[in-house]
Amino acid sequence: MKTSTYIIGLSALFYSLQSFAAPKIEDSIKRLNWNGIEVVYLEDNRFPTYDLLIYFADGALSDEKMQMGSTKHAFNLLDAGTAKLSQKEIMDQFEFLGTEFGVDVTHEFTTLSMAGLSKDLTTSMGQACSMLREANFPLPIIKQELEKEKTELQSLVSSPQALSDRVFREVSLGNTPYSYPVTGKLKNLDFYTPNLLRAKVDYFLDKVKKRIYITGPKSILNVEKVLTEKCQLQGHPSDFVRTITYKKIKRNHPQLVFVPVPDANQVQVQIGRFLNFDEIGDRRLDTLATEFLGGGFTSRLMREVRVKRGLTYSIGSYISSQKQYGRAGISTFTKNETINKLITVINESVEKIKKEGITQEDLERSRGSIVGAHPFKFESNRAFLSQLLYLDHIERPYAELFDFNNAVMKYSAEDVTRKIDEVFGAKSQIIFILGDKSIEKELRKLSSKMGKIKVLDYKNFI
Amino acid sequence: MLQKKILKKLVAATIMTGVLTSCAHLTPSEKKPTPTELNVKKVVLDNGLTILIAPNPKLPIVSYYTLFDVGGRYEVKGTTGATHFLEHMMFKGAQKYGPGQFDTLIERNGGVTNAYTTNDATVYYENIPSSFVEKMVDLESDRIQHLLLEPVSFDSERQVIFEERKMRYENSPDGFIYLMMMKKVFEGTPYGQSVIGDVEDLKDLSRDQVMDFFKTYYTPDNAIIAIAGDVDPDKLLPILKEKYGSIPRSKILTDLKAKRDDPANYVLKAHFNSEYSFYSTNPIPKFTMAFKGEKAGTRRAFVLDVLAYMLGNGGSSFLSQKYVRNANPLLSDISMSSYNLRHAGVFYLSGELMENVNIDKVKTQLKGDIKNFCKDALDARTLQKTKNQILSTAYHQMKTNSGMASTILMNEKVYGNYNYGVKEMEIYNSVTESEVKKECNDILVNSDSIFISTWDKFPKNIAASVTQNGEVK
């Protein structure tokens, strides 16, 4: 590819951009069928670029004990080599074309993503197909990559926020099928063999339900031939879709958890819990409630914790869910000296919402915020595709995306108050603190209200 | 928000802004865009305020960026962190829209707002629904004229900044090593001062000092506004003129900036033949090897960008293959960067060791190997790959309104021409293999470096500094 050619192309592109006026956005979504596989196509002629996602209806829940993390590693290590191409050649080819190739594995589903210039799509997809069908996971390369990963995991202790996210996730989802990290842990890394990784990829390619999401100019649809012939992708009604059953988790008292790390002059705090399958139905109310509680500079927690008291630089709340489970949390940090004050302020803020409710003005601010921000969900084609993929995964209609504003306007202040109490009410929370060992004594003062403190070694979580 | 390398990233990412108009006049352009022109309308008001508007009707949303040409480089001894502190206080209320109203109004209408401060600039940005643009003009014009700087929130925000400092630098080995690199490489120059501020300075910084900073530097002739999205320039410009047009230009700024930007202030004084070891919490050593770089905008700066890409960008790059992806890797991660500031630059290599690899061994090997980088790593194919990657990055940048607004804003600031993308691409595209090899030899082979490492096994509270001849300072 000669760059100069594309200066001209780019010029034309911007000229066309000036006169671009989008039709109703949902009208640009088309459903196709390629060899039995459902394809969702979003036409966009503004740029000579594409985004492509391949969805698989299974994820890390397919991993066997002691092979936990094998799905993630099977996809991550696809570029380790094939009989014909070395790792370097594979990487070099993608990088030469400016093609982005990525993998996302959750417990419930897996996504392969590619993005680049549309003229290079068939070439890049051809290489991706070679990797999917012919990756042989050469042992020396696998060992090198896993050694590198071990080093990165050992270093996690020097990234308190990242370590806190990892440990809190596992702790707050404890005793559920979703608690184990999709990446596996140090102790699992020695169990990944070339045969295991190859079998994993074959399982996903041949047994699991797939869907394709693609956006760009019409010319990119010629990738169908590559996907169906070289990748040999086909769909059958009997393709596997992961669903599980599990016993509901019910927590009736708070649990204080402390994870000491060396030499930290800042404490990481996360407060949250697992959400059962019957607690995740109303995602738009979830969005509204977390917007009010911790969704921006004007959220209740930001006002109470940062603006009024200067206790932190950042605080946020979330309720996130997949098809069968969810998790909720408040995430922040503070200096060692103010840890108890921070937790007290957060608890009192949530309690006050329960007791006093939220005002109509609060409601309107939060509603206005998420309704006004809604169009930004469509600005990037990749983000747009990801939302369609997510709705398909949780088996909800696309109308939820396009009717979002109307639905949000129907919620009352009482709905938001109830949701915050149900999800963030103090008695059901894990209160997780990661920081210097010296703060343990101070934390024990919280025990009278929050129960006995549980101290965990972070090394058990990496 | 403090964003340490944003200028470099933006400049690098705007390589291909492509296609722009040639109507960079001092008055509203009447010229119609040709097929090779980006539809940007530029106006410079009588008070010196530069306004750029890039309409895009795809969705009813807008990105609104405001840049002030003031960063950490204008802080004097004892006031480090003042620029960044002021950035925080800009959200704390002004005359018309008092405390809490600025972000409340934006967020209740679906917008988000934030800012970042670098050594060279302070940038405020909002992503908002297009229906809110007129109010946004009012909000922004209010705060740049009538900032309150309330004493109560001033002290509360000081605590917030201390927490931000811990998050970004004190509890982050990567942030800490970067901070130390900037201090050591630019020691004795305005770029050697910490943008977030030294702790003692932050404790002592007064409201009056920050207000003085505000009055001195937040003037229309020191600002650029870029708005991209669903707006009609012909309707928006009169509103912008009405709200911003009466703000007086500075009477002192031109002379003050000339004095502060005197090239003599930026002549590097550091001893580029030294090593520093610092305690940090990382259990596996990390390091940075820093060389004298180049200021932004010169042809050499473009060549160094290409060189950094060629050596260290991506898993197939020379450095990754040599040190990370081989049978006996020394490192788990490596990267090469060229950070081009307005008046000086730094070219640096960073990495993290593999477990149980000795830091001294890596240092010795790197210093030996580096002499061969230029002949082993640089070839025509890698040069073409780099140009392709730069192009791809540029496309990605231009897909959103915020990408467009920040691109034209930075091009206007750095090159005096929002339209510079085509020229930049021409320059990158004209870089030759021999040119890259020459600069590679000059910067890596024929120059000394500063080597900085962090590890939790190094002594606490002591920076061990060793010169190449073994003398401990």
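Guide: Of the 473 residues of chain B, 55% count as buried. A residue is buried if 20 or more other C-beta atoms lie within 10 Å of its own, exposed if 12 or fewer, and partly exposed in between, with the C-beta atoms placed from the backbone. This is a predicted model, in which local features need pLDDT of at least 70 and side-chain atom pairs count only at pLDDT 80 or more, while totals for chains, interfaces and linings use all residues. Residues are numbered from 1 along each chain as its sequence is written, and chains are lettered from A and ligands numbered from 1 in the order in which they are written.

Chain B has 17 helices and 12 strands. Helices (H or I, at least four residues) and strands (E, at least two) are DSSP runs, numbered from the N terminus. Among contacts in chain B with a separation of 6 or more, 79% are between residues 24 or more positions apart. Two residues are in contact if their C-beta atoms, placed from the backbone, lie within 7 Å.

One helix of chain B can be followed from end to end. At 1.5 Å a residue, H15(B) should span 21 Å, and its end C-alpha atoms are 21 Å apart, so the two values agree. The expected span is 1.5 Å times one less than the number of residues in the helix. Just after H15(B) comes Gly416(B), with a positive phi of about 70°.

Chain B is assigned two domains, domain 1 (6-264) and domain 2 (266-467). Such bounds come from an automatic or database domain assignment. The C-alpha centres of the two domains of chain B lie 27 Å apart, and their contact takes 54 residues from domain 1 and 54 residues from domain 2. On the domain 1 side, the elements that each supply at least two residues include helix H1 (6-13), strand S2 (50-55) and helix H6 (173-185) of chain B. H6(B) gives the most to this side, with seven residues. By class, this side of domain 1 of chain B has 34 nonpolar, 13 polar and seven charged residues. Here Ala, Val, Leu, Ile, Met, Phe, Trp, Tyr, Cys and Pro count as nonpolar, Asp, Glu, Lys and Arg as charged, and the others, Gly among them, as polar.

Chain B also touches chain A: 64 residues of chain B are in contact with 67 residues of chain A. Among the elements of chain B that each supply at least two residues to this side are helix H3 (101-108), helix H5 (151-170) and helix H14 (380-397). The largest share, nine residues, comes from H5(B). The side of chain B that touches chain A has 24 nonpolar, 25 polar and 15 charged residues.

The nonpolar cores come next. A nonpolar core is a set of buried Ala, Val, Leu, Ile, Met, Phe, Trp, Tyr and Cys residues joined through C-beta atoms within 7 Å. In soluble globular proteins, nonpolar side chains tend to be buried together. In this model the largest core has 194 residues, and those with the most contacts inside it are Ile433(A), Leu52(B) and Ala226(B). Helix H11 (residues 299-312) of chain B provides the largest share of this core, 10 residues. Leaving out residues up to four places away in sequence, Ile433(A) touches Val257(A), Phe258(A), Val267(A), Val269(A), Ile339(A) and Leu443(A). A second, separate core has 50 residues, including Val39(A) and Phe378(A).

Chain A is divided into domain 1 (24-230) and domain 2 (255-461), with C-alpha centres 29 Å apart. Between them, 32 residues of domain 1 of chain A are in contact with 31 residues of domain 2. Helix H6 of chain A gives the most to the domain 1 side, with 10 residues. That side divides into 17 nonpolar, eight polar and seven charged residues.

Phe461(A) counts as partly exposed because it has 19 C-beta neighbours inside 10 Å. Phe461(A) and Phe168(A) are 293 residues apart in sequence, yet 9.4 Å apart in space, C-alpha to C-alpha. Leaving aside neighbours within four places in sequence, Phe461(A) is in contact with Arg166(A), Val167(A) and Glu170(A).
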